[in-house]
Each structure stands twice: as C-alpha cells, then as structure tokens.
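Please open the model in a viewer and keep the selection panel at hand.

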Amino acid sequence: MAISAHMDSETIVNFFRGRSILITGSTGFLGKVLIEKILRVQPDVKRLYLVVRATDIGSATRRVENEVIGTDIFQILKEQYGSGFKSYLEEKLCPLAGDIIYENLGLDSDKLTELFKEIDIVVNSAATTNFYERYDVAFDSNVMGAKNICEFAKKCTKLKMLLHVSTAYVAGEQEGLILEKPFLMNEALRDGAHLDITSELNLIKETKIEMRTKCCSMKAEKRTMKNLGLKRAKHFGWPNTYVFTKAMGEMLLGHLGGDLPMVIIRPSIITSILKEPLPGWTEGIRTIDSVLIGYAKQALSFFLVDPDLIMDVIPGDMVVNAMMAAMAANSEQPAQTVYHVTSSLRNPALYAVLVDTGHRYFLANPLRTGKNGERARLRRMRCFSTVASFRAHMVVNYKLALEIIRLVNIALCGMFSGRYEEMSRKYSFIMHLVELYAPYTLFKGCFDDINTQKLRIAMKKQGQKTDGGYYFDFDPKSIDWEEYFYKVHIPGVVKYLCD
C-alpha cells in the first residue's frame, strides 16, 4: 500500500473538497458520525447522496431530517450555521429512496444516469447487524448488498474510491494474531467445509419455497430462517449469521471488484464518541452497553465474561477518522486494502476495566428504577469465565427451580402453567444470549493493524493539527480506557440509551 508523502490532516480535508459522495447506512450510528464530520471539516464538499430505505423521495427526506440531522450530534453545525443551517443542508444533502438489496440500489433510471456521472466516492455502511437475523434478510443486506454496491460503483465513471464497512469479527473465533487479510472467494474458516455463495443463495430460496408450500405461518418461517442462518454459519466456522454474511460480502467485493480502488474497514466493537463533536454520544445498544444497562438496573447481576481477556473496543469518531484517512490515502489506487480499526494490539483494554468502572460509576451515580423511582441497590457483578461454569450456575440457581415448578404444575393440574412458561422462556432466552455473545466475551484473538499503523505513521510525520484542531486522531494508544469509560462512555450510555 503506497501512502502519499503528504498524508496529513489538510490533505484529507482537501480530498473531500468538491466531491460527490454516495453513502448507504446514513441513518445508522457510524453513518451519522461520518456525515457530520465531512460537513463540519469540509463545508465545500459538493454533495452527499444518502441512500435511505423509503417508498419515495418525500419519505426519504423525512427520514433524513428526523433520524440524521435531527440528532444531537449535529448541534455544533446548527450553532455554526445558525439560521442558515437548513439551507446549507438542503444544498449539501440529497436523500435517495433506495435499498442496497436491489440491483442499482433500487434507484430509478433517470437518477442513475446522473449519479453514474456525478459520484466520486461510494461509502457502504449499510448492514444488518443482528447476530441472530433471518438468513434471508442478512444475506440480502450483507451479501447481495455488497455485490450491488460493487456493481454500482463500477458504473461510476469518475470513481475515486469505494469504501466498505465490515467488522473485525469476520475472523470468527480465531485465536492469536489476526492479519488484515482479504478473504478469498468461497473461503471457509472450518477445515474441510466447502462454501459456495451461490449454493447458499439457492438454499435460502428452496427453504422459503418449501415453507410456503407447506403453508407454514410467518412465525414458523421466521424461526426456520433464523435457525438456518445460525446452522450454516457454524457449519462453515463462524459463530453467528451476522459475521458469516459480512464475510461473504467481503468475498464478493474482492471477487467482483477487479481494479476498483477499494478499502475495507474492519472495526471491532464500536463505542461512543471520544472527542468530537460530542463526547459520549451514542446510538443503539451494543453488547457491552446492554450489559452496562442491565447491571445498572440490577436486572443483570452476573454475566459470561472473562475479566482477564481483551475487550477490543474503538470509539466511533476514531473509526470515522480512519475511514476518511483511508479514502484519501487510497484514492484511485487499483487495489483492495483492508484496515483493522481496533485496539487490542496497540492499547488493549481488559473486560475488567468495564466491570470495575461500571461498578464505580453506578455506585456513585445509581440509576432510579421501579415504579416509585427508588435507587437500584448495587452489587458487584459476578463474572463467569467459562461456558461450563455459567451453565452450572444457571442449573443450580434457575433450572432446578424451573423443574420444581414444572412438577408442581403437573400435580396441581396446570395451576402454574403461565408462570412456568414465562420462566422457561426467560431461561431459554438467557442461554441463547450466552451462546451468541460467548464468541466475543471469551474472544482470544488479537487484531493486527499494520495497514492502519502505516496511516498513523504518515499522519504523525506530517502532523495532524489543522486550524480547527486535531481532526483525524485514530490512535487508540492515546486513550486512557478507565477515564474514557468512567467519564465519557458510561455517562453517554446513561444519557442517550437509558429511558
């Protein structure tokens, strides 16, 4: 990977001047951070085309107004432009009613003709991130979506760059040092397994036809498709449907991309904004945030997590900074480059940091819970570092009680049927969550980031500072994790995610 000798902040800012950029996933957390950043540091960007799932342009425009620019993260821009904020955004933002699951993103032919001549950069951050998503839904978005984005980008006559947001956890449950290496087409993680993406698509179609021939209910079809995705993922060596389909999407990009200048960004667990524009701002409850909230409300007093293992997290603004630097560095280079935007190698944080800072924070700042708003009585979270120890705890403390209620229910002719079914569902749900999250809370890999480090080195040689400040910091080594979680992230979770 050749990086410009003048790879500094001013170079990155100037790279976006006069550019027309198509962005998918603009209503997601990362999409909003990217849009705000581009508009704030480069007001002379030509146009941001935002592909939004909607029935028409009016609906797409309303979604962008409500779900993107109506969020707190745009507050600095609102203050900067004052009464001219709305007219500035109308000039710079162009909502498009479309969807990556369709060929040509579902856009009409007249608009396509304009876009193919206009677009300089394509950023694909749209994805279905549910670990246990229906296989057909995840495949459409994460696999076919990547294919459709690639085919769209190849038709853009001025294209400088296609950037695709993936996840570092396409590595599955590998241990040791994991390299920034592209996937080969149909490459499986499990030895002896033969993956064929076309066959997977046909399997999905055949399963749906079979279900509908049998007149199965929508609920039964949903359950079958969810289980199929998990089964196929595990068969080929991935822990869940999300990372499996994201990996297949990467494969198609590499296979179909040819000489496209392409960057694949693989962040680890994305957390709240560290510095700019709004420290602590976040959206969407992620794995570690659901644990924090559950613990704060004392709905979760124990969890499957090894405190001594590395929790690979990275703030959202650092991910966006790396994305923008990578676009500028790889513009018009006919190759695919993978970047791990992660912290496990440069500045590892243990899960113990999350457990300890969460306990200290909520001890000092207890949440109010219950109908009367009483403060939660905090107990230190109990951590289980193996699946076996967690299951043993669940059997002793919950499964035995469940079995007793079942027997009593039989003896009393079903008097406790409702209670038993409710407890049984909760037990099954907890065990299912453990199965989904264990590959992350017990993850023993470490993500190499040599390509990302080359970007950082180039930035340091030239200096990152611009007239507006340090715009493009993406070095996790600068983070004091205890301070970040206690003073930034956890307060942000409480403010933006807790009801």
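**Stop one: aromatic pairs in a helix**

Select helix H17 (residues 481-497), in which Trp481 and Tyr484 both lie, three residues apart, about one turn of the helix. Helices (H or I, at least four residues) and strands (E, at least two) are DSSP runs, numbered from the N terminus. The ring centres of Trp481 and Tyr484 are 5.9 Å apart and the planes stand at 75 degrees, so the pair is edge-to-face. Tyr484 also pairs with Phe485: the centres are 5.2 Å apart and the planes are at 65 degrees, so this pair too is edge-to-face. Rings of Phe, Tyr and Trp (its six-membered ring) pair if their centres lie within 6.5 Å; planes under 30 degrees apart count as stacked, over 60 as edge-to-face and the rest as tilted. Trp481 and Tyr484 are buried, and both Tyr484 and Phe485 are buried. Buried means under 20% relative accessible area, exposed over 50%, and partly exposed in between (1.4 Å probe, protein chains only).

The model is a predicted one, in which local features need pLDDT of at least 70 and side-chain atom pairs count only at pLDDT 80 or more, whereas totals for chains, interfaces and linings use all residues. Residues are numbered from 1 along each chain as its sequence is written, and side-chain values use heavy atoms, with hydrogens and water left out.

Next, select Phe131, Tyr169, Tyr242, Tyr437, Tyr440, Phe443 and Phe447, which form one aromatic cluster. The structure holds 24 aromatic pairs.

**Stop two: the largest pocket**

Which element gives the most to the lining of the largest pocket? H15 does, with six residues. The volume of the largest pocket is about 1400 Å³. On a 1 Å grid over the protein atoms alone, a pocket is an open set of points with protein on both sides within 12 Å along at least five of seven lines, a cavity is a set of points where a 1.4 Å probe fits but cannot get out, and lining residues have an atom within 4 Å of a point. Grid points are joined across faces, edges and corners, and a volume is the space filled by probe spheres set on the points.

By class, the lining of the largest pocket has 24 nonpolar, 19 polar and seven charged residues. Ala, Val, Leu, Ile, Met, Phe, Trp, Tyr, Cys and Pro count as nonpolar, Asp, Glu, Lys and Arg as charged, and the others, Gly among them, as polar.

**Stop three: the second largest pocket**

Select Ala299, Leu300, Lys426, Phe429 and Ile430, which lie nearest the centre of the second largest pocket, among its 24 lining residues. The volume here is about 670 Å³. H15 contributes the largest share of this lining, ten residues. The lining of the second largest pocket has 17 nonpolar, four polar and three charged residues.

**Stop four: the largest cavity**

Select Ile288, Val291, Leu354, Val355 and Met381, the closest to the centre of the largest cavity among the 16 residues that line it. The largest cavity holds about 170 Å³ of space. Helix H11 (287-296), helix H13 (351-364) and helix H15 (417-441) each supply at least two residues of its lining. That lining has twelve nonpolar, four polar and no charged residues.

**Stop five: backbone details**

Most residues other than glycine have a negative phi, and most peptide bonds are trans. Select Glu276 and Pro277, joined by a cis peptide bond with omega about 5 degrees. Pro277 is in the loop between strand E8 (269-271) and H11.

Move to Leu105, whose phi is positive, near 60 degrees. Leu105 sits in the loop between strand E3 (93-97) and helix H6 (109-118) and is buried, at 0% relative accessibility. Cys215 also has a positive phi, near 55 degrees. Is Cys215 buried or exposed? At 68% relative accessibility, Cys215 counts as exposed.
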